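Here is a briefing on one protein structure. Please look over the sequence and the model before reading on.

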Amino acid sequence: MNISGQEFIYGCSAIGAGLAMIAGIGPGIGQGIAAGHGASAVGRNPGAKGDITSTMLLGQAVAETTGLYGLVVAIILMFVKPFG
């Protein structure tokens, strides 16, 4: 099999994009845990629902940035052709 340098770069870009999408696993797990703990906290203290919800949503927004950075890197690797 004879692979040119350009094909090798495209193949490595595709593999890198797939690996970058693994970054979405962590935020998904973290947000699920945060939502579970937030629901538990509201169950224990319903009067603090507003404070708990706003704090939980802020934490989830911060956690989601990791997944979004992975998505941006994957899109760049797939659609921006290096040495094209």
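At what angle do helix α2 and helix α3 pack, and how far apart are their axes? The angle is about 175°, and the axes lie 9 Å apart. That makes α2 roughly antiparallel to α3, a label for angles over 145 degrees. This is a predicted model: local features need pLDDT of at least 70, side-chain atom pairs count only at pLDDT 80 or more, and totals for chains, interfaces and linings use all residues. Residues are numbered from 1 along each chain as its sequence is written, and side-chain values use heavy atoms, with hydrogens and water left out.

**Fold**
- The protein has three helices and zero strands. Helices (H or I, at least four residues) and strands (E, at least two) are DSSP runs, numbered from the N terminus.
- Along the sequence the pattern reads α-α-α.

**The α2–α3 pair**
- Helix α2 spans residues 25–44, and helix α3 spans residues 49–79.
- Axes are lines fitted to C-alpha atoms, for helices over the stretch in contact, and angles run from 0 to 180 degrees between N-to-C directions.
- From α2, the contact uses Pro27, Gln31, Ala34, Ala35, Gly38, Ala41 and Val42.
- From α3, the partners are Lys49, Ile52, Met56, Gln60, Ala63, Glu64, Thr66 and Gly67. Contact means heavy atoms within 4.5 Å.
- The residues of this contact divide into eight nonpolar, five polar and two charged. Gly counts as polar here.

**Overall shape and surface**
- The radius of gyration, taken over C-alpha atoms, is 20 Å. A compact globule of 84 residues would have a value near 12 Å, by the rule of 2.2 Å times the number of residues to the power 0.38.
- The C-alpha atoms fill a box of roughly 65 × 20 × 10 Å along the principal axes.
- Buried residues (under 20% relative accessible area, 1.4 Å probe, protein chains only) make up 14% of the 84 residues.
- The accessible surface (Shrake-Rupley method, 1.4 Å probe) comes to about 5,900 Å². Carbon and sulfur atoms hold 73% of that surface.
- Of the contacts with a separation of 6 or more, 81% join residues 24 or more positions apart.

**Two residues**
- Gly26 sits in α2. Gly26 is partly exposed at 44% relative accessible area, between the 20% and 50% limits.
- Thr65 belongs to α3 and is partly exposed at 32%.
- Thr65 and Gln6 are 59 residues apart in sequence and 32 Å apart in space, C-alpha to C-alpha.

Note on methods: Parallel < 35°, antiparallel > 145°, perpendicular 65-115°, else oblique.
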